[in-house]
Amino acid sequence: MRILLLGSGGRESALAWKISKSPKVEKLYIAPGNGGTDAYGENLQLSPLDFPAVEKTVKDLGIDMIVVGNEDPLVAGITDYFQGKDVLVVGPTKAGAELEGSKDVAKAFMTRHGIPTARYRSFTADTLEEGYNFLETLKAPYVLKADGLAAGKGVLIIDSLDEAKKALAEMLGGMFGQSSATVVIEEFLSGIECSVFVLTDGNGGYRILPVAKDYKRIGEGDTGLNTGGMGAVSPVPFADETFMAKVEERIILPTINGLIEEGRLYRGFIFLGLINVEGEPMVIEYNVRMGDPETEAVMPRIDSDIVPLLEAAARGDLADLPLKHSPLAAATVIAVSGGYPEAYEKGKTVKGLDNAACESLIFHAGTKKEGDSIVTSGGRVIAVTSLAATLPEALEKSYRSLSGITFDGMAYRRDIGRDVTSAK
């Protein structure tokens, strides 16, 4: 099988690593890929949003299946574009991708199908005063979300009512461009979060992947600005059999059935951003692809060949194909550029990767090749993932490997996983 994987981040590195291990793969292409993905296949200088160029590549290279890594092409309708053409696509149609493309659509979907989530309302510039009034009915902290895609940075959590009102006006005034032309304000839920991933075939078949927990804030102790993710761990101790039974019954099944009922064809990954509120799971958000950096912790914990599962999901028939979870724990820590998630410099030479790879998996994210060197090209640069019998052991290995990697301005959090390991 010849596979085209679209994307360029750490998520795509982990997917490429896992896909490349399958005996079913004749050739793997990654577009555009990064400085490390060519270890698993061939990088192509191709924009995932240029659908005609993707189509030409599919024809020229005899691609059998497209795996869409990130959300932008899905929200733009890449799956619809290839319907009726001779290639499989792992990813929902545009209607399915609205679950991530619009937080307002997602919240309304949850309400229609009785899926537990926070109380909310949506506002535009024309209803700004109503937004102020709704904020006054809530208790601090206040949660404001840009309705559209905002690269994982469109959520503000604010302690002061006056500051929340100011932020609402700024968001509706263009803080996140068109993404915040509509703003969803919702009740704050207190609890601990986790990420649940489901692969579904659009006909009611699904498999639940290993559960993960990511760490969004730049600073230790979950302080500072939101990032795309500073690390992840899997499994999550509180996501036990009892908790996951509730997730499956109250969230996964109603979501899959709701998509079918509403004619939103969905063959791909559903990412459920959940919060555990005193033992009860509630949905914070949907994403329509795998998470990043969770993928870097989840893929190494899948013992099954992923390619037959992806192919079956894209065909609409997962049937009885098994998805086996590894008993090992995985810990991922992200090395980022100095200044991230605000302004940062690029082009810094990354050293020590070969030695780190002796003990851990090294997934490139914001890197590119310059001659024989790897240099930084993004905010999140390298994901270091380790496997071990226990989560503390996996974290110890990742931090040991990370200590041997260097680049100018490199930063990382030193408390990834501490909240869930100290609770044990």
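**Close-up views of a predicted model**

**View 1. Lining of the largest cavity.** The residues that line the largest cavity divide into six nonpolar, no polar and five charged (Ala, Val, Leu, Ile, Met, Phe, Trp, Tyr, Cys and Pro count as nonpolar, Asp, Glu, Lys and Arg as charged, and the others, including Gly, as polar). The model is predicted, so local features need pLDDT of at least 70 and side-chain atom pairs count only at pLDDT 80 or more, while totals for chains, interfaces and linings use all residues. Residues are numbered from 1 along each chain as its sequence is written, and side-chain values use heavy atoms, with hydrogens and water left out. The structure holds one cavity of 30 Å³ or more, and the largest cavity has a volume of about 60 Å³. On a 1 Å grid over the protein atoms alone, a cavity is a set of points where a 1.4 Å probe fits but cannot get out, and lining residues have an atom within 4 Å of a point; points are joined across faces, edges and corners, and the volume is the space filled by probe spheres set on them. Leu 99, Lys 103, Ala 106, Lys 107, Met 110, Lys 145, Val 184, Glu 186, Ile 284, Glu 285 and Tyr 286 form this lining. At least two lining residues come from each of helix H6 (103-112), strand S9 (182-186) and strand S17 (280-287), with H6 giving the most, four residues (helices, H or I of at least four residues, and strands, E of at least two, are DSSP runs numbered from the N terminus).

View 2. Glu 186 is found in strand S9 and is buried, with a relative accessible area of 5% (buried means under 20%, exposed over 50% and partly exposed in between, with a 1.4 Å probe and protein chains only). Leaving aside neighbours within four places in sequence, Glu 186 is in contact (heavy atoms within 4.5 Å) with Lys 107, Ala 118, Arg 119, Tyr 120, Leu 138, Val 143, Lys 145 and Ile 284.

**View 3. The second largest pocket and His 364.** About 340 Å³ of space lies in the second largest pocket. Of the 20 residues that line this pocket, the closest to its centre are Leu 353, Asp 354, Ile 362, His 364 and Ile 374. A pocket is an open set of points with protein on both sides within 12 Å along at least five of seven lines. Strand S19 (349-350), helix H12 (353-356), strand S20 (361-364) and strand S22 (373-376) each supply at least two lining residues, and the largest share, four residues, comes from S20. By class, the lining divides into 10 nonpolar, seven polar and three charged residues. His 364 lies in strand S20 and is buried at 10% relative accessible area, and its side chain makes a polar contact with the side chain of Thr 367 at 2.9 Å. Not counting residues up to four places away in sequence, His 364 touches Gly 9, Gly 10, Ser 13, Asn 34, Gly 35, Gly 36, Leu 353, Ile 374, Val 381 and Ile 382.

**View 4. Helix H1, residues 10-20.** Helix H1 is largely enclosed by the rest of the structure, because 10 of its 11 residues are buried. The buried residues are Gly 10, Arg 11, Glu 12, Ser 13, Ala 14, Leu 15, Ala 16, Trp 17, Lys 18 and Ile 19. Two of these, Gly 10 and Ser 13, are among the residues that His 364 touches.

**View 5. Ala 388 in strand S23, residues 380-388.** Ala 388 counts as buried at 10% relative accessibility. Although Ala 388 and Leu 328 are 60 residues apart in sequence, their C-alpha atoms are 5.5 Å apart in space. Beyond its neighbours within four places in sequence, Ala 388 is in contact with Leu 328, Ala 329, Glu 393, Ala 394 and Lys 397.

**View 6. Leu 161 in helix H8, residues 161-175.** Leu 161 is partly exposed, with a relative accessible area of 26%. Leaving aside neighbours within four places in sequence, Leu 161 is in contact with Leu 135, Glu 136 and Tyr 142.

**View 7. Cys 194 and Cys 358.** Cys 194 is buried at 3% relative accessible area, whereas Cys 358 is exposed at 70%. A search of the whole structure finds zero disulfides (pairs of cysteine sulfur atoms within 2.5 Å).

Methods: A polar contact is a pair of N or O atoms within 3.5 Å; within protein, one must be able to donate a hydrogen and the other to accept it, and residues adjacent in sequence count only if both atoms are side-chain atoms.
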